[in-house]
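Open the model in your viewer and keep the selection panel at hand. Each stop below says what to select and what is there.

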Amino acid sequence: MAQTGKPRLAWAMLSHNKKHLLVSVTGIAFAVLLMFVEIGFLNGLLDSETLLAKQLNADLVMTNQKKSYTYALNPFPRERLARALEVDGVRQVQGFYMHWIQLKNTPGQKIHSIMALAYDTALPALLNPEAAALGNALKYPFTALFDRTSRKAVYGEFSPDMDVELEGHRVRLLSGFELYPNFSTDGHLLMDRDNLARLLAGNGSDNIVETPEIGLIRLAPGADPVRVKQALEAHLQDDVRVLTKVQMIQIIQDKWKSEQPVVEVFGLGLAVGFVIGMIICYQILFTDISDHSAEFATLKAIGYTNGYLIRTVMAQGAYLAMVSFGPGLLASLAFYHILQQITGIWMTITFFRAGGIFLLTLVMCVVSASLAARKVIRMDPAEVFG
Amino acid sequence: MKTDQNVEPSTPAVRIRDLNHYFGAGANRKQVLFNIHLDVQPGQIVIMTGPSGSGKTTLLTLIGALRSVQEGSVQILGQEIFGLAGKGLVPVRRKVGFIFQAHNLFDSLTAVQNVRLALKYSDFPKKIQEPMAVDILKRVGLEERLAYKPEALSGGQRQRIAVARGIVHHPRLILADEPTAALDKKTGRRVVNLFRQLAREDGCAILLVTHDNRILDIADRIINMVDGSIASDVQVDQSVEICEFLTRCEVFSRDTPAQLAEIAQKMTVETFPARSRIIRQGEAGDKFYIIKTGRVAVLTSDPPGTDLSGADSRVVELGSGDFFGEIALLKEVPRSATVMTTEETETYVLSKPDFLAAVKKSDPFKKQLLDIFFKRQ
């Protein structure tokens with residue numbers, strides 16, 4: 001028989017008026033969007049700052065003991081890297097170079113700093129197919145790849161085969177790759193280490209090739225990273241340290257979290273989103289209860305307990321969270337895309353983050369539902385008569 | 001229901017003693033119910049009337065365990081509810097069937113689902129709850145509307161869903177507030193017949209607040225409340241019988257029904273075994289009698305000489321519907337005859353003050369009586 005069966009009161013009440021439901025879902029989805037945007041900024045910061053570390057083609061990395069986050073430059077002597085090769089299990093080492101260089105895109109434009117990444121392009125140092133594919137071409141003097149996602153507002157437009165002025169030299173940009181700007185740099189260039197050395201040769205710097213920023217260590221097949229790491233630490237001087245990629249990423253994130261009030265700022269934003277969502281949800285459910293106060297009082301009159309009715313309202317809250325989360329997630333993905341276009345910050349929603357926001361949404365709705373449900377307790381079943 | 005099996009057949013569905021109720025507190029405290037006494041037996045259909053503010057709704061909410069009893073005793077289906085509050089009242093409510101004037105159906109649920117709400121706390125297995133709801137909706141004539149939501153139905157159809165919800169769980173006591181107000185003649189009759197069936201077949205006690213005079217005929221009793229008290233409590237069958245007796249007599253035949261009903265209401269039942277004396281000649285008269293069932297002999301043993309009874313000693317046989325005892329009351333004289341039962345006799349009795357008051361109210365009544373006396377001589 002159509003539309004009979006056990007009465008599912010909470011869902012029936014919530015979904016009965018489709019227009020009302022749409023408004024409710026929009027409200028809660030908005031709160032979901034707010035929360036996603038806040039964690040989006042926070043994670044965008046942490047993600048974009050660690051993106052380079054994640055792309056390093058290495059089993060272990062070596063950095064200066066004092067190096068904190070990726071873009072706080074603190075190189076170490078190349079000799080340390082060479083010594084790493086003496087340790088059992090190490091198959092290959094490669095220096096990875098970073099340097100701020102001055103870029104002038106078109107004649108007459110202002111000069112801006114850009115982060116130059118360099119390595120011996122014969123060996124792919126980045127897990128980046130575009131960079132790897134163009135390895136050989138980068139051996140030509142005064143050539144580079146440009147980060148397609150670099151901030152155009154700062155550097156202007158990059159395009160393949162265009163020439164730019166770097167440290168006073170004319171350099172040919174061959175093509176693009178993607179690394180995304182972040183809070184440290186507005187963009188990246190990628191080149192062979194010899195080309196970086198050529199650019200910097202004139203301004204009195206030491207030979208850059210002797211001072212890598214990051215040492216990439218690749219292990220022999222079957223070697224245990226933890227054991228090799230311990231061996232390396234024992235073998236090398238104290239001015240460098242050896243990290244797994246995961247450790248390196250963790251150190252970068254910890255650095256940002258501890259030295260900048262980012263967690264507080266975005267955490268507060270998240271709380272605001274949560275509270276706004278609670279207020280919206282409370283308002284929706286309170287109105288709904290008020291609209292159905294006669295029906296609720298009737299249920300009390302025929303022997304329903306306060307507990308049952310409160311659970312019904314809480315279930316309404318839970319259902320509202322469930323149906324609103326999807327639209328909220330979709331809206332957030334769209335909004336992330338727009339924000340990424342505007343800020344260039346790499347923003348993404350992982351399964352884990354989506355799950356976290358879903359739980360927050362659920363808690364938000366159920367808690368505010370339980371607050372709204374207090375109205376049910378005050379209802380007088382005697383008022384139904386008369 | 002399980003709990004109902006504990007209720008003895010003789011236990012009144014409702015038993016109220018010395019019930020007083022107040023609204024407000026302190027200086028604003030206002031008494032709304034005064035010393036209510038009321039027994040409602042299983043199978044009885046009671047209609048409560050009275051102007052708004054007379055306390056009938058308050059009484060109904062107290063009987064339905066919708067508010068706490070403040071003073072006095074209220075027993076519902078054998079359970080005392082004085083002293084219960086909040087959660088304690090909830091199980092009592094589940095045994096009662098409520099039909100509210102504002103039917104308060106959930107717009108989001110179908111007719112069947114709305115009715116099923118009332119089965120949530122019943123002992124009926126989940127499996128049969130749906131068929132029960134369907135069945136009861138069929139009985140109120142909504143078999144074509146089972147899966148409709150209230151907003152797609154007429155006021156009368158919604159009302160019938162509310163009726164179905166009130167009775168689906170087989171309550172032993174039904175409290176109904178204007179259950180037929182939104183119904184047309186035919187569907188109203190259908191609901192009324194259903195009530196009658198519940199009362200007769202299931203022994204369900206039904207308390208109705210209604211102003212719908214089309215359904216007065218189902219009442220076994222009509223209770224009229226005024227200013228927080230029970231102003232009258234009429235056993236309808238008995239009253240109707242008395243009025244019929246009264247109108248059959250020439251004396252009362254020209255009284256209005258209202259006058260007759262007023263007299264009837266004040267009469268009580270007295271039963272005498274066979275061969276017993278009801279009144280004795282020469283005693284002071286204090287009551288007026290109508291014979292309900294049985295037969296009596298009227299004997300005048302003394303020789304004539306008294307002012308009204310000039311005839312010889314004689315025996316008159318009186319039977320059902322006949323009356324006696326009026327002369328001594330009207331004339332303030334001793335009984336002019338002795339009345340003996342010849343078989344077991346049930347009488348309706350009116351006390352002297354009530355009788356005189358009734359006579360005084362109606363001059364034509366007095367005149368008629370005097371005419372009768374004149375003819376008797």
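A residue counts as buried if 20 or more other C-beta atoms lie within 10 Å of its own, as exposed if 12 or fewer do, and as partly exposed in between, with C-beta atoms placed from the backbone. Helices (H or I, at least four residues) and strands (E, at least two) are DSSP runs, numbered from the N terminus. This is a predicted model, in which local features need pLDDT of at least 70 and side-chain atom pairs count only at pLDDT 80 or more, while totals for chains, interfaces and linings use all residues. Residues are numbered from 1 along each chain as its sequence is written, and chains are lettered from A and ligands numbered from 1 in the order in which they are written.

**Stop 1: α10 of chain A**

Select residues 293-301 of chain A. Of the 9 residues of this helix, α10(A), 7 are buried, so the helix is largely enclosed by the rest of the structure. The buried residues are A:E295, A:F296, A:A297, A:T298, A:L299, A:K300 and A:A301. Now show what surrounds them. They pack against α9 (262-291), α11 (306-343) and α13 (374-378) of chain A, and against α2 and β6 (96-99) of chain B. Just after the helix, pick A:G303: its phi is positive, about 105°.

**Stop 2: A:I251**

Go to helix α8 (residues 245-259) of chain A, which holds A:I251. Buried or partly exposed? A:I251 has 19 C-beta neighbours inside 10 Å, so it counts as partly exposed.

**Stop 3: where the chains touch**

Colour by chain. Residues are in contact if their C-beta atoms, placed from the backbone, lie within 7 Å. On that basis, 27 residues of chain B are in contact with 24 residues of chain A. On the chain B side, the elements giving two or more residues are α1 (56-63), α2 (90-95) and α3 (111-116). That side divides into 14 nonpolar, 6 polar and 7 charged residues. Here Ala, Val, Leu, Ile, Met, Phe, Trp, Tyr, Cys and Pro count as nonpolar, Asp, Glu, Lys and Arg as charged, and the others, Gly among them, as polar.

Stay on α1(B). B:A65 follows α1(B) and has a positive phi, near 60°.

**Stop 4: chain B and the cores**

Select all of chain B. It has 11 helices and 18 strands. Of its 377 residues, 41% count as buried.

A nonpolar core is a set of buried Ala, Val, Leu, Ile, Met, Phe, Trp, Tyr and Cys residues joined through C-beta atoms within 7 Å. Which residues touch the most other members of the largest core? They are B:L137 and B:I206, in a core of 187 residues. Helix α2 (residues 18-55) of chain A gives the most to this core, with 16 residues. Apart from it lies another core, of 26 residues, including B:I242, B:C243, B:I278 and B:I279.

Centre on B:L137. Beyond four places in sequence, its contacts are B:A111, B:V112, B:V115, B:L142, B:E143, B:L146 and B:A164.

**Stop 5: a helix pair**

Select residues 155-167 and 185-202 of chain B, helices α5 and α6. Their axes come within 11 Å and cross at roughly 10°. That makes α5(B) roughly parallel to α6(B) (angles under 35 degrees count as such). On α5(B), the contact uses B:G156, B:R160, B:V163 and B:I167; on α6(B), it uses B:T187, B:V191 and B:L198. These residues divide into 4 nonpolar, 2 polar and 1 charged.

**Stop 6: two open sheets**

Two strands pair if DSSP finds at least two bridges between them. In chain B, find the open sheet of 4 strands ordered β12-β17-β14-β15, with antiparallel pairing. β12 (277-279) and β15 (315-318) stand at the edges with a single partner strand each, so one side of each lacks a neighbour in the sheet. The twist averages 25° from one strand to the next. Select β14 (residues 296-299) and β17 (residues 338-341) of chain B: 4 bridges join them. B:V296 has B:T341 as its bridge partner.

Finish at another open sheet of 4 strands in chain B, ordered β11-β18-β13-β16 and also antiparallel. Its edge strands are β11 (268-272) and β16 (323-324). β13 (residues 287-293) and β18 (residues 345-351) of chain B pair over 6 bridges. In β18(B), B:E346 is the bridge partner of B:T293.

Note on methods. Axes are lines fitted to C-alpha atoms, for helices over the stretch in contact, and angles run from 0 to 180 degrees between N-to-C directions. Angles under 35 degrees count as roughly parallel, over 145 as roughly antiparallel, 65 to 115 as roughly perpendicular and the rest as oblique. Two residues are in contact if their C-beta atoms, placed from the backbone, lie within 7 Å.
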